[in-house]
Amino acid sequence: MHPSLPVPSLNPAAITEASHEMALTLSDVKRIAHLARIEVTDAEALRALGQLNDIFKLIERLQSVDTSGIEPMSHPLGGSQRLREDVAITAENREAGVSNAPAQQGGLFLVPKVIE
């Protein structure tokens, strides 16, 4: 964990009975499977129901965390990308680069026209 980043605390009081509105029922899972044109057995639907409700519980826990005052990050560890210098180079052996191309002309790949 990066020492300079604030760590939000989980507020158990924020998880209430009302927050369990995200829970699915077996009929919901079967209806979703029907809409997606996925054939599921009762056992598969029960397993999916448990997994989906576990995901919803995790989402509820994440939503209960107070993140006010925490600045969004572009990287979870606050790092930066190591980029190489953008320098134009010339290809040393252009003909070898296109030698396996099905069609080429003047060192360039020829491709079929896809827009009429």
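**Surface, confidence and contacts of the predicted chain**

Arg37 is exposed, with a relative accessible area of 66%; exposed means over 50% relative accessible area, buried under 20% and partly exposed in between, with a 1.4 Å probe and protein chains only. Arg37 is located in the loop between helix 1 and helix 2, and the phi angle of Arg37 is near 60 degrees, a positive value in a residue other than glycine. The model is predicted: local features need pLDDT of at least 70 and side-chain atom pairs count only at pLDDT 80 or more, whereas totals for chains, interfaces and linings use all residues. Residues are numbered from 1 along each chain as its sequence is written, and side-chain values use heavy atoms, with hydrogens and water left out.

The protein chain contains three helices and two strands, in the order α-α-α-β-β from the N terminus. These elements are DSSP runs numbered from the N terminus, helices being H or I with at least four residues and strands E with at least two. Of the 116 residues in the protein chain, 10% are buried. The chain exposes about 10,500 Å², of which carbon and sulfur atoms supply 57%; accessible areas come from the Shrake-Rupley method with a 1.4 Å probe, and for residues only the protein chains shown count as cover. Contacts are defined by heavy atoms within 4.5 Å. Among contacts between residues at least 6 apart in sequence, 56% join residues at least 24 apart.

Confidence is given as pLDDT, the predictor's confidence in each residue from 0 to 100. The mean pLDDT of the protein chain is 80, and 81% of its residues reach 70 or more. Among the elements, the highest mean pLDDT is that of helix 1 (residues 26-35), at 95, and the lowest is that of helix 3, at 77. Over residues 1-20 the pLDDT is below 50, and this stretch has 19 contacts in the model beyond near neighbours in sequence.

Side chains of opposite charge can pair when their charged atoms come close. One salt bridge was found in a search of the whole structure, the criterion being a side-chain nitrogen of Lys or Arg within 4 Å of a carboxyl oxygen of Asp or Glu. The salt bridge joins the side chains of Lys30 and Asp42, at 2.7 Å from N to O. Lys30 belongs to helix 1 and Asp42 to helix 2, so the pair ties together parts that are twelve residues apart in sequence. Lys30 is partly exposed at 35% relative accessibility, and Asp42 is also partly exposed, with a relative accessible area of 47%.

Ser64 sits in the loop between helix 2 (42-63) and helix 3 (94-97). With a relative accessible area of 10%, Ser64 is buried. The Ser64 side chain reaches the backbone oxygen of Arg61 at 2.7 Å.

Gln105 is part of strand 1 (residues 104-105) and is exposed, with a relative accessible area of 55%. Between Gln105 and Glu95, which are ten residues apart in sequence, the C-alpha to C-alpha distance is 9.9 Å.

Conventions: A polar contact is a pair of N or O atoms within 3.5 Å; within protein, one must be able to donate a hydrogen and the other to accept it, and residues adjacent in sequence count only if both atoms are side-chain atoms.
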